[in-house]
Amino acid sequence: MSSGSFYYALDSQWDLSSRLSHRLTKEPGDGTSFDERFVWNEYIARSLLDFRERLSQRERDELDQCHFIILAIQGYVGINSMALPMPPTDGKPSIATLCLISRLGSKRAGTRFNTRGVDDDGHCANFVETEILFSTDQHCVSYVQVRGSVPLFWEQQGLQTFGQRIQITRPHASQPAFERHFSHLTEEYGGVHVINLLGTKENETILTSAYAGHLQLARSVFGESLGITHFDFHNAVRLGGHDSVPRDLRRIESITDHVDQYGFTMADSNTDEMVTEQKGVFRTNCLDCLDRTNVVQDILSRLTLEQYMLLVRREWVHSNVLWAYHRELWAENGDALSRIYAGTGALNTSFTRTGKRTLGGLLSDATKSVSRAYINNFQDKGKQIAIDMLLGNMSLQKSVTIFDPIHDSVRQALEQRLSEYSTTKQCTIFVGTWNLNGRPPSESLLPWLFPRESVSDPDVFVLGFQEIVPLTAQQIVQTDPEKRRIWEARILETLERRPNKKSSYVLLRSEQLVGTALFVLAKAELTPVIRNVEATSRKTGLRGMSGNKGAVGIRLQYHDTSFCFLTAHLAAGHSNVDERNADYRTINNDLHFLKGKTITSHDNIIWAADTNYRIDLDNDTVRPLAEADDFDTLVSADQLKQVMDARIAFAGYEEGPLLFRPTYRYDLGTDNYDTSEKYRIPAWTDRILYRGHQLDLAVYARAELKGSDHRPVFALFRADVRIIDTAKRAALSQILLDSVVSTAPGEKLDEKLAALTISLNHQHDFPLPSTDDAAWWNTPEYPNGVLPLPEFNALSELRKKKNPFDTSDSPLSSSPTSSDEELFMHALSLPTPMEPTRKPPPPPPPLRITKSD
């Protein structure tokens, strides 16, 4: 926070997070109408903002006057004032103010090599909205541009020097996130024209090609509102120097046409009325979106301001003072954004400041490049942790909560009535686990991945591997990802070339911890509804220092249901049960995802692991029973079943019946159990365990693949996935809130809250069952179960006025839709029909039980 890159406004009517066009349309006194994309302390202030939202207008104004809630942006703010010539009327010059505000996005924040590309929600790394403001006593002019990382799934792993290695991690699953990103931009700004400054280097060419391909597909959705211009900045400088870049850009028709088409936002300085509004935005990027991007945005900013001046004061176009201030602001902006993302000032700032390239500038850029390489490789990890902590992305972080019984009661009511604003659909999930013993693919995977011809294709494949590489010291120190890539390719090839193919699959995410690897694949048509895909790992070898043992987890959100998939390799050794139990506890307690998500915070959890639990019987007993398919005795001696029953490990998890032979250990390529010197006892080491009310196990078996000393195991699950209608939930939430907050004269809010809580937690108190001595309906109050006629009539009237299938007192007892509300209210206004008086039914006879001899 002390870096000097955070800014806030003391006056409550100022909102640094929003551009001029939004500030002009904001309601007077609206102190918290901010752009959440650019507020960096929202995680800290969120509970206060929610609390403020629930106050009355008078209470909000009082709170705002205290300046208790301060919202900060990160980026750069620069302001310069100057005197510009005016027509010779009174001889006074016009005082103009030039301001530049850059707002760094907080949704995918981080340092240079730690945060690249896009996430599943369409937020990209180093996303910055830059607004240049030029104001006089007549007008206030705003021009907005954005920059951001190439919106694909890509990263840079390992030590990065000057030859940066780029890997596109999910090439077949990027399109939905890519389109979400541009959907956000088009909704926010209107038209979007991309200026891609990447060059012809091998890595940059890979990104450019993928970028162009994805954008071409996206244009079928966005049409002419989305376009792209490729401008090789380095090549232009190589041919004509930095001085040629402004000339080249002005000659590109697609750029100048969109400058004219998008225009700028202009407001009357006296009335604050908007005269014209910007209709689109340029999205500029290079590799880091720093140096080249800043130069081009400076040029576009000047080009647009010149357009305004040609309409208002042509002589200002030639003002040396104005453009000197303009260049200085953009140079400072480039340095500030570069220090945040890369740790040093921007390159090319000498050209931005002076319009010339000098020897001093070249030496300065060389020094910055070396400094960046050191800082980004060796110092940025600690900075990334600080950023994640500020934004609430750290594991186990818990936000500050304010005691609020009203809204807590509403949330509880919403949970009770989930079915009223959501639906479910069924999906199928294939889960497999296989210890590969370091072997490459050597046989068809079809018998494992598609074991049942009559079963439809699974929606999701979850494949866990152990010993995907040999567990040597070299692999433990520096794991080679090549074996993982080989298995990825083989799996995708098997899915693509299978007989009777009905659907295509894409790799959502893969993650590796030495020999343990996890792959999650889904049908291509499902990628738009699968979001928030995250991966993490936890070492357990050598007390958490070595990755030869441990676990890998991948979590995701399928519609509105969360899944956590894990693969693990626990401690080996027949008698090391305690060590395996300890490994489980370490993984269960210490494996965390972003924003404090743990394993147990998910709706559904599935383990596909080499658990290494053995059978506590000798070889002479186990082998004949296994070969005779007599599993009952073996299951009773299974170590994993024993610790699960004792709730020592995997408490609360379920497993399908073990109706297949032990999967460990075989002689390679045969059906014979181990005949080596160790003569290992066969065991069910490879297991699939699950927990979740939505999961229904359909198949649990093994496949007869012989490429390893283990047999692969698989399970087929049917899962109910919930789809929440957010509009219905919001409407129901508001009605519940109104019903709680609105109190009748003399009614106490505390009592109403208590009544709401009671109605939510109400359980029917049924009487005890009848016995030989007493019947439940025969009480001193009602002898022989006879109910007096007045009480019966009162009970009948009560039942006529309420829905017997609903225990809630909410006005939305049956449906959150407004049409049902209208029908209900109309029904209440109708006269009650006359009913004949009926005698109550006679009580049941006393219970008599005759004992037989």
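Biologist: Which residues have the most contacts inside the largest nonpolar core?

Modeller: In this predicted model, that core has 48 residues, and those with the most contacts inside it are I429, L556, F563, F565, I688 and F717. Strand β23 (residues 713-724) gives the largest share, five residues.

Biologist: And what is F717 in contact with, leaving aside its neighbours within four places in sequence?

Modeller: Quite a list: C427, T428, I429, V431, I606, I688, Y690, L695, D696 and L697. There's also another core, lying apart from the largest one, with 41 residues, among them I255, V259, C286 and L329.

Biologist: What makes F465 and F519 count as buried?

Modeller: Buried means under 20% relative accessible area. F465 has 0%, so F465 is buried. F519 comes in at 1%, so F519 is buried too.

Biologist: Why is the pair of F465 and F519 called tilted?

Modeller: Their planes are 55° apart. Stacked needs under 30 degrees and edge-to-face needs over 60, so this pair falls in the rest, which count as tilted. The centres are 5.5 Å apart, and the limit for a pair is 6.5 Å, so the two rings do pair. F465 is in strand β14 (residues 460-466) and F519 is in strand β16 (residues 516-523), 54 residues apart. Both belong to one aromatic cluster, along with F430, W434, W448, F450, F461, W487, Y505 and F714.

Biologist: Then what makes F134 and W316 edge-to-face?

Modeller: Here the angle between the planes is 75°, and over 60 counts as edge-to-face, so that's the name this pair gets. The centres are 6.0 Å apart. F134 is in strand β4 (residues 128-135), while W316 is in the loop between α9 and α10 (320-341), 182 residues apart. Both are buried.

Biologist: How do you know that R623 sits over the ring of Y679?

Modeller: The charged end of R623 is 3.9 Å from the ring centre, and the distance limit is 6 Å, so R623 passes on distance. R691 also lies over a ring face, that of Y653, at 5.0 Å from the ring centre.

Biologist: Back to I255 and V259: which buried residues does helix α8 have, and why are they on the same side?

Modeller: The buried residues of α8 (residues 253-262) are I255, H258, V259 and Y262. They cover an arc of only 110° around the axis, which puts them on the same side of α8. The face turned away from that side carries the exposed residues E253 and D260.

Biologist: What covers the buried residues of α8?

Modeller: The cover includes β8 (191-196), β9 (226-230), α7 (244-251), β12 (280-285) and α9 (291-312). Just after α8, G263 takes a positive phi of about 65°.

Definitions and conventions:
Residues numbered from 1 in each chain as written. Predicted model: local features only at pLDDT ≥ 70, side-chain atom pairs only at ≥ 80, totals over all residues. Heavy atoms only, no water. Buried < 20%, exposed > 50% of the residue type's maximum accessible area, 1.4 Å probe, protein only. Helix = DSSP H or I, 4+ residues; strand = E, 2+ residues; numbered from the N terminus. Arc of directions from axis to C-beta. Contact = heavy atoms within 4.5 Å. Core = buried A, V, L, I, M, F, W, Y, C linked by side-chain atoms within 4.5 Å. Lys NZ or Arg CZ within 6 Å of the ring centre and 35° of its normal.
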